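This briefing summarises the architecture of the structure shown below.

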There are 2 protein chains.
Amino acid sequence: MSELLKTREQKKEALKSLLLRIHEGESVESLKKEFREVLSSISPLEIPIIEQELVREGVSAKDIAKMCDLHVELVREAVAGTDELEEKGLPDGHPLKIRYDENREIMKDAEMLNLYARTLATTKDERMRQEILGVLEEIVGNLRKVGFTHYNRDEMLTFPYIERRGLTAIATVLWTKHDEIRFMIKYLAELLRKRNEMPWEEFVERLKNKAGEASFALSDMVFRENNIYYPTLKALLSDGEWKAIRMQDDEIGFYKVNPPAWDPGDEVKPLHPWEIDPELSAEELLTLPREVQEALRGQPLEFDRTELRREGDIDLGTGYVSVEELKAILEALPVDVTFIDRDDRVRFFSPGERIFARTSSVLGRPVQLCHPPKSVHIVNKILKAFKEGRKKEATFWLRLGPKYVYIKYVPLFDKNGNYLGTLEMTMDIAPYKKIEGEKRLLDWKD
Amino acid sequence: MSELLKTREQKKEALKSLLLRIHEGESVESLKKEFREVLSSISPLEIPIIEQELVREGVSAKDIAKMCDLHVELVREAVAGTDELEEKGLPDGHPLKIRYDENREIMKDAEMLNLYARTLATTKDERMRQEILGVLEEIVGNLRKVGFTHYNRDEMLTFPYIERRGLTAIATVLWTKHDEIRFMIKYLAELLRKRNEMPWEEFVERLKNKAGEASFALSDMVFRENNIYYPTLKALLSDGEWKAIRMQDDEIGFYKVNPPAWDPGDEVKPLHPWEIDPELSAEELLTLPREVQEALRGQPLEFDRTELRREGDIDLGTGYVSVEELKAILEALPVDVTFIDRDDRVRFFSPGERIFARTSSVLGRPVQLCHPPKSVHIVNKILKAFKEGRKKEATFWLRLGPKYVYIKYVPLFDKNGNYLGTLEMTMDIAPYKKIEGEKRLLDWKD
């Protein structure tokens with residue numbers, strides 16, 4: 001036992017002196033080799049313990065973060081060995097480059113989570129405890145965003161491309177693990193919030209264990225992605241696919257990175273999952289990571305060749321529907337709509353049972369003639385305010401028997417900001433006023 | 001004064017004996033002439049007074065109603081003189097025939113309203129008062145429906161045809177008067193409801209006056225319609241127009257009549273307002289009622305020739321919109337929708353800012369692959385229940401920061417009941433839970 005402590009003490013001192021040199025301005029790159037030597041003699045499980053001791057001895061969070069950077073980089077090199085290679089040749093802003101960059105941030109935050117949770121468990125000073133709790137809340141708060149951004153972007157944007165190629169199992173495994181991690185981080189956030197509801201010792205013990213689990217799961221996912229999933233994507237996806245992915249990446253958002261724009265060129269057309277040729281060539285199969293090849297062995301690859309667009313479909317920009325489907329969708333809406341065009345004429349109303357009946361005789365009729373003469377001047381005032389851009393909506397509500405009718409008018413504009421018309425939306429909000437509590441998908445009973 | 005009373009007493013006795021003969025089974029038709037003679041010597045203002053005395057003397061409501069029938073018919077003949085002629089040649093179920101039939105019912109109820117309100121004012125017996133109040137509540141309750149049915153059908157179905165022909169002034173005048181009558185009847189309903197909040201004498205005095213006004217306004221509208229508006233429609237509208245009107249008449253509903261089907265024949269195509277040639281010929285102008293001709297004199301007729309359908313418009317059955325308008329409508333909806341087709345593939349999602357982001361990579365993706373693997377079995381259970389027709393919806397709700405998210409899934413079917421797909425609708429109901437009271441169109445401030 002004393003032998004082990006002695007060793008750790010030495011290693012800690014070595015790490016501390018390296019950190020000091022970084023702090024004094026020496027370049028990280030030049031210290032990398034020395035760090036590697038020090039770290040090579042330490043088991044990965046020991047590193048967080050040493051880091052935590054350094055924190056307790058007063059090394060600042062800023063310096064720890066720097067060390068984490070280095071540490072992550074070294075661990076990555078040691079364990080993975082390949083991702084630096086994979087990243088090579090990827091231009092800045094490329095979706096895959098973004099993902100590798102985010103993983104570096106995730107790795108660092110996972111490390112910090114574990115480190116601070118362990119430190120908290122051995123800190124006696126109350127002021128120090130409060131400070132560490134503050135840091136932990138921030139780290140956990142950040143890590144919750146990993147699910148909304150980094151994981152969500154793969155679940156929504158890259159999975160569909162490999163699913164089309166028959167690799168659905170990989171997507172399912174990754175998504176299952178994403179959800180486990182989301183749950184772990186959510187648990188940590190709750191634990192931190194409820195810390196005063198239990199004895200301190202119980203709290204730090206649970207926190208230490210759960211933070212350790214979450215930290216491990218986060219790093220594990222980074223390794224899976226860097227070494228298996230991203231190389232698979234790199235082997236299979238074309239520039240057109242990456243172009244389509246990148247356009248949507250921005251819509252979902254990133255984890256702690258702010259990538260520059262990337263475009264493989266105007267001559268490359270964005271390719272959506274339903275537009276690709278999903279068949280894998282033998283050559284492509286051979287370039288896949290060993291783990292993926294093994295997983296695919298012995299099962300036939302089921303390519304998904306379904307055509308999305310059918311004869312006569314309307315291209316709505318966010319999908320292709322038939323007129324029949326569109327009518328059914330509009331009828332099923334929980335809101336009745338009536339649309340008047342730029343010339344104030346009724347052009348469309350949603351079909352089906354409505355709160356205020358509409359009959360086809362109203363089509364083409366100037367909206368001013370569709371209202372009781374007494375209120376026409378108000379209708380004109382609202383439309384004037386809409387057309388002049390002075391108002392973005394007009395809302396009304398009234399009771400009608402058991403219904404509580406909510407009416408909203410909004411002006412519609414085309415892409416260039418030209419007035420297209422005004423939409424009336426009418427709904428019964430009485431049922432929503434009665435909703436209480438929660439009912440989630442998993443509560444559903446057949 | 002005594003002379004007048006004597007006369008009224010005689011007339012009352014004459015009416016009573018006629019009623020007795022109807023009661024005993026004598027045909028109404030055969031008594032018409034005698035009624036006319038009796039009534040010809042009475043001022044129209046005296047009739048309700050006599051009827052009210054008869055009620056007080058114990059003549060049953062049923063017999064009074066019979067007398068009202070006759071009375072209305074006679075008054076109508078005397079004052080109008082033309083509508084029986086106008087009705088001639090109109091087949092049963094014809095929209096114009098329906099309107100004349102309804103007016104007979106309205107006339108009768110207007111008469112009854114006045115009669116019972118006056119009787120109430122002079123009735124001392126408490127049990128009798130309660131009975132009369134019950135009858136009045138029923139009459140007023142019925143008369144409120146005149147606005148929803150008879151007036152609404154003209155406002156929505158026949159007005160657009162004359163507006164296209166430039167006769168907007170007639171429509172505006174009638175609608176203004178409809179609204180005045182709606183207001184009068186609403187006032188009576190409120191007065192009856194609040195009768196215990198004021199002294200009895202004050203209540204009956206107000207009721208008598210307001211019922212008299214409403215009764216007069218209702219009858220006045222019957223005369224205007226029968227003698228001016230309906231003859232105008234008869235002169236101008238073609239069978240195709242009546243066919244389209246009749247199809248929509250049924251959607252709105254009728255006042256106390258239950259008309260048989262009417263169809264001018266399969267060779268007659270229903271003509272909507274935007275499909276007619278609105279120009280009036282000189283011949284048509286000459287067939288219009290004198291009042292309408294006079295109203296048109298000295299002002300140019302502005303026919304409305306606007307085309308409803310434009311090049312490239314989508315025919316949605318309840319309107320014609322461009323793809324651009326449709327996209328703007330779908331984006332403005334207060335509900336996010338996602339549609340999966342009959343093969344469980346995502347086919348469309350509504351654009352714009354959403355509660356749960358959707359990116360185009362999801363298009364064509366099987367819905368089972370769009371969910372966390374943990375909840376896929378529930379998704380499949382819901383879809384199975386929809387496809388087998390065992391469930392018509394599945395709803396969920398959950399808090400999400402300041403949002404209260406309500407999610408509804410419904411199966412969609414085509415006209416023949418075949419499953420088309422399932423629609424997901426997601427909305428934030430938090431704003432609706434805060435709505436209180438009422439805010440009506442006339443409260444709008446610029």
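Domain bounds are those of an automatic or database domain assignment. On that basis, chain A comprises domain 1 (80–252) and domain 2 (320–433), and the centres of these two domains of chain A, taken over C-alpha atoms, lie 45 Å apart. The model is predicted: local features need pLDDT of at least 70, side-chain atom pairs count only at pLDDT 80 or more, and totals for chains, interfaces and linings use all residues. Residues are numbered from 1 along each chain as its sequence is written, chains are lettered from A and ligands numbered from 1 in the order in which they are written, and side-chain values use heavy atoms, with hydrogens and water left out.

**Chain A overall**
- The secondary structure of chain A consists of 15 helices and seven strands, where helices (H or I, at least four residues) and strands (E, at least two) are DSSP runs numbered from the N terminus.
- Of the 446 residues in chain A, 54% are buried; buried means under 20% relative accessible area, exposed over 50%, and partly exposed in between, with a 1.4 Å probe and protein chains only.
- Among contacts in chain A with a separation of 6 or more, 63% join residues 24 or more positions apart, a contact being heavy atoms within 4.5 Å.

- Five strands of chain B form an open sheet in the order β4-β3-β7-β6-β5, with antiparallel pairing; two strands pair if DSSP finds at least two bridges between them.
- The edges are held by β4 (346–349) and β5 (394–400) of chain B, each with a single partner strand, so one side of each has no neighbour in the sheet.
- From one strand to the next, the twist averages 20 degrees.

**Strand β6(B) and its partners**
- Seven bridges join β5(B) to β6(B) (residues 403–413) in the antiparallel sense.
- In this pairing B:R399 stands opposite B:Y404, and B:F396 stands opposite B:I407.
- The hairpin of β5(B) and β6(B) has two residues between the strands, and B:G401 there takes a positive phi near 60 degrees.
- Nine bridges link β6(B) and β7(B), also antiparallel, and B:V405 has B:D428 in β7(B) as its bridge partner.
- In the hairpin of β6(B) and β7(B), with five residues between the strands, B:G417 takes a positive phi near 85 degrees.
- Because eight of the 11 residues of β6(B) are buried, this strand is largely enclosed by the rest of the structure.

**Helix α6(B)**
- Helix α6 of chain B (residues 95–122) has 28 residues and reaches 41 Å from first to last C-alpha, close to the 40 Å expected at 1.5 Å a residue; the expected span is 1.5 Å times one less than the number of residues.
- α6(B) is mostly covered, with 22 of its 28 residues buried.

Technical notes
Axes are lines fitted to C-alpha atoms, for helices over the stretch in contact, and angles run from 0 to 180 degrees between N-to-C directions.
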